[in-house]
Amino acid sequence: MKSIQMKHFFRSIFKVLIFIAPMLAQAVEMRGNFEFQSRLFTQDASYPTQSNSDISLAAVPEFFWSWNDDNDSFEMVPSVRLDQRDAKRTHADIREFSWVH
């Protein structure tokens with residue numbers, strides 16, 4: 001189920017990028033954050049299925065385009081986190097999506 005949601009998310013992002021492809025000829029600013037996180041648990045696990053460590057990766061890129069002599073601008077900030085063991089922490093979303101005219 002989670003992989004279907006992730007595929008749908010990335011397809012949606014791709015469709016948005018295709019829609020705004022003409023804007024890519026203008027100045028594009030990109031920045032963002034990439035995070036690697038490791039969690040270590042010092043106590044023994046309560047259940048045999050639990051692990052004493054966990055790794056996750058997160059990315060929050062920011063894309064900004066302006067055109068029409070800076071009268072129009074578009075900003076998109078997607079976010080994704082992939083967790084090695086915790087499915088509740090694995091998610092993707094769009095934190096900001098705006099077109100200002």
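Which side chains are joined by a polar contact of 2.9 Å? They are those of serine 66 and aspartate 70. Here a polar contact is a pair of N or O atoms within 3.5 Å; within protein, one must be able to donate a hydrogen and the other to accept it, and residues adjacent in sequence count only if both atoms are side-chain atoms.

## Before we start

This is a predicted model, in which local features need pLDDT of at least 70 and side-chain atom pairs count only at pLDDT 80 or more, while totals for chains, interfaces and linings use all residues. Residues are numbered from 1 along each chain as its sequence is written, and side-chain values use heavy atoms, with hydrogens and water left out.

## The overall plan

Read from the N terminus, their order is α-β-β-β-β. Helices (H or I, at least four residues) and strands (E, at least two) are DSSP runs, numbered from the N terminus.

Of the chain's 101 residues, 27% are buried. Buried means under 20% relative accessible area, exposed means over 50%, and partly exposed lies in between (1.4 Å probe, protein chains only). Among contacts with a separation of 6 or more, 53% are between residues 24 or more positions apart; a contact means heavy atoms within 4.5 Å.

## A strand end and a loop

Let us return to the opening pair. Serine 66 sits in strand β2 (residues 53–67), and it counts as buried because its relative accessibility is 17%. Aspartate 70 is exposed, with a relative accessible area of 60%.

Aspartate 69 is in the loop between β2 and β3 (72–83) too, and it is exposed at 75%. Look at the backbone here: phi is near 55 degrees for aspartate 69, a positive value in a residue other than glycine. For aspartate 70, phi is also positive, near 65 degrees.

## Aromatic rings

A pair of aromatic rings is described by the distance of the centres and the angle of the planes. Rings of Phe, Tyr and Trp (its six-membered ring) pair if their centres lie within 6.5 Å; planes under 30 degrees apart count as stacked, over 60 as edge-to-face and the rest as tilted. That rule gives three aromatic pairs. One of them joins tryptophan 65 and phenylalanine 74, which are tilted, with 5.2 Å centre to centre and 40 degrees between the planes. Both tryptophan 65 and phenylalanine 74 are buried.

Phenylalanine 74 also pairs with phenylalanine 97, this time edge-to-face, at 5.1 Å centre to centre and 90 degrees between the planes. Phenylalanine 74 is in strand β3 and phenylalanine 97 in strand β4 (residues 91–100), so this pair ties together parts that are 23 residues apart in sequence. Phenylalanine 74 is buried at 4% relative accessible area, whereas phenylalanine 97 is partly exposed at 45%. Phe63, Trp65, Phe74 and Phe97 form one aromatic cluster.

## The surface

The chain's accessible surface comes to about 7,700 Å², and 57% of that belongs to carbon and sulfur atoms. Accessible areas come from the Shrake-Rupley method with a 1.4 Å probe; for residues, only the protein chains shown count as cover.

On this surface, Phe34, Phe36, Ile55, Leu57 and Leu82 form a nonpolar patch with about 510 Å² of accessible area together. Patches are made of residues with over 30% relative accessible area and no salt bridge, where like charges are joined within 9 Å and nonpolar side chains (Val, Leu, Ile, Met, Phe, Trp, Tyr) within 5 Å. A salt bridge is a side-chain nitrogen of Lys or Arg within 4 Å of a carboxyl oxygen of Asp or Glu. Strands β1 (28–40) and β2 each supply at least two residues of the patch. Leucine 82 lies in strand β3, and it counts as partly exposed, at 44% relative accessibility.
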